[in-house]
Amino acid sequence: MLYALRRGEGIVLVTGRSGTGKTALLRDFIHSIKNEPVVTADLVSTQLQATDLIRMIAFGFGISQLTNDEAEVISELETQLSGMRNFGRRPLLIIDEAQNLETESLRKIELLMRLRWKSEPLLQIFLIGRDGLHELLLTEKLKQLYAQVNAVICLEPLDESSTGEYIRHRLKQVGWNNDPQLADEIYPIIFNYSHGIPRLINLICSQILLFGMTEEQHFFGLNEINLVLRQMTNDQMLPSPLRHVTS
């Protein structure tokens, strides 16, 4: 994402199934560019209609006086963004939950990509959404917009080894000193029930730690993890495991 930003490329597409860490990645990315000459407008597309999109983007870049004439709003936005570029600042539009955008809304983005500054796009756009966003952009009506996509990043669930590393990393970030003690055998089981999705890993581990607190338990092995997972499964907090567990 940083590479695409610094190269001045047009649209970057970031997709992944729910819970794989898109929002966390976005938060980290925004933090990482705080010292870059970037002006960011950050929108969440939920319930945002096509007729409102251009106006919301203009408002996000500091244009407060908006007319109902879309062409005029785009003209004002072009003037505003060109001024930023002339002063060495790069405008970046980030749209989260972009899979909820209507086809007509996405075609509005295509209009913005036609705005140029010298030989490159005037505005850079990062579209963040679930897996279906990629398929949506591949449809015939949006082929011109997809032609502007210069990078596609797909977040995948963690594998079994990375699941254990992820859990230990998060624990160490808050000063964990091996209390409670975690048996190596529990990591494959957590992976199996979480499908390697960070959000579900977090949920399982939170329930394990809650169990440990209430039961004053300082060791988590197979018995403890299976007890917690059985309760979570009964409460329908988890999907079916990846494979049948006999232990």
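Biologist: Which residues does S82 touch, not counting residues up to four places away in sequence?

Modeller: This is a predicted model, and in it S82 belongs to helix α4, which covers residues 70–86. The side chain of S82 also reaches a backbone oxygen, that of E78, at 2.8 Å. Once residues up to four places away in sequence are set aside, the residues that S82 touches are W117 and L122.

Biologist: Is S82 buried or exposed?

Modeller: The cut-off for the buried class is a relative accessible area under 20%. The value for S82 is 19%, so S82 counts as buried.

Biologist: How is the aromatic pair classed, as stacked, edge-to-face or tilted?

Modeller: The structure holds one aromatic pair, and the ring centres of its members, F29 and F126, lie 5.3 Å apart. Planes under 30 degrees apart would count as stacked and planes over 60 degrees apart as edge-to-face, with the rest counted as tilted. Because the planes of F29 and F126 stand at 35 degrees, the pair is tilted.

Biologist: How many residues apart in sequence are the parts that this pair ties together?

Modeller: F29 is placed in helix α2 (residues 22–32), whereas F126 is placed in strand β6 (residues 124–129). F29 counts as buried at 4% relative accessibility, and F126 counts as buried at 0%.

Biologist: Which side chain is joined to that of Q124 by a polar contact?

Modeller: Q124 is found in strand β6, and it is buried, with a relative accessible area of 1%. Leaving out residues up to four places away in sequence, Q124 touches A4, L5, G8, E9, G10, R90, P91, L92 and L93. The polar contact between side chains has a length of 3.4 Å, and the partner of Q124 in it is R90.

Biologist: How far apart in space are A98 and I128, C-alpha to C-alpha?

Modeller: A98 has its place in the loop between β3 (90–96) and α5 (103–113), and at a relative accessible area of 0% it is buried. Apart from neighbours within four places in sequence, A98 is in contact with S45, L127, I128, G129 and L133. A98 and I128 are 30 residues apart in sequence, and their C-alpha to C-alpha distance is 5.6 Å.

Biologist: What is the value of phi at E97, in the loop between β3 and α5?

Modeller: E97 lies in the loop between β3 and α5 and is partly exposed, with a relative accessible area of 24%. Its phi is positive, in a residue other than glycine, and the value is near 55 degrees.

Biologist: Which peptide bond is cis, with omega near 10 degrees?

Modeller: The loop to look at is the one between α8 (160–173) and β8 (181–182), where P180 lies. N178 has its place in that loop too; its phi is near 75 degrees, a positive value in a residue other than glycine, and it is partly exposed at a relative accessible area of 43%. The cis peptide bond is the one from D179 to P180.

Biologist: Which residues does L13 touch, beyond those up to four places away in sequence?

Modeller: L13 is placed in strand β1 (residues 11–16) and counts as buried at 0% relative accessibility. P188, by contrast, is 175 residues from L13 in sequence and 31 Å from it in space, C-alpha to C-alpha. With residues up to four places away left out, those that L13 touches are L127, L133, H134, L137, V149, A151, V152 and I153.

Biologist: At what angle do helix α10 and helix α11 pack?

Modeller: Two packed helices are described by the angle between their axes and the distance between the axes. For helix α10 (residues 198–215) and helix α11 (residues 222–234), the axes are 10 Å apart, and α10 passes α11 in a right-handed crossing. The contact is made by L203, I204, Q207, I208 and F211 of α10 together with E224, I225, L227, V228, L229 and M232 of α11. The packing angle is about 115 degrees.

Definitions and conventions
Residues are numbered from 1 along each chain as its sequence is written. This is a predicted model: local features need pLDDT of at least 70, side-chain atom pairs count only at pLDDT 80 or more; totals for chains, interfaces and linings use all residues. Side-chain values use heavy atoms; hydrogens and water are left out. Rings of Phe, Tyr and Trp (its six-membered ring) pair if their centres lie within 6.5 Å; planes under 30 degrees apart count as stacked, over 60 as edge-to-face and the rest as tilted. Helices (H or I, at least four residues) and strands (E, at least two) are DSSP runs, numbered from the N terminus. Buried means under 20% relative accessible area, exposed over 50%, partly exposed in between (1.4 Å probe, protein chains only). A polar contact is a pair of N or O atoms within 3.5 Å; within protein, one must be able to donate a hydrogen and the other to accept it, and residues adjacent in sequence count only if both atoms are side-chain atoms. Contact means heavy atoms within 4.5 Å. Axes are lines fitted to C-alpha atoms, for helices over the stretch in contact, and angles run from 0 to 180 degrees between N-to-C directions. A crossing is left-handed if the near helix is turned anticlockwise from the far one by less than a right angle, and right-handed if clockwise.
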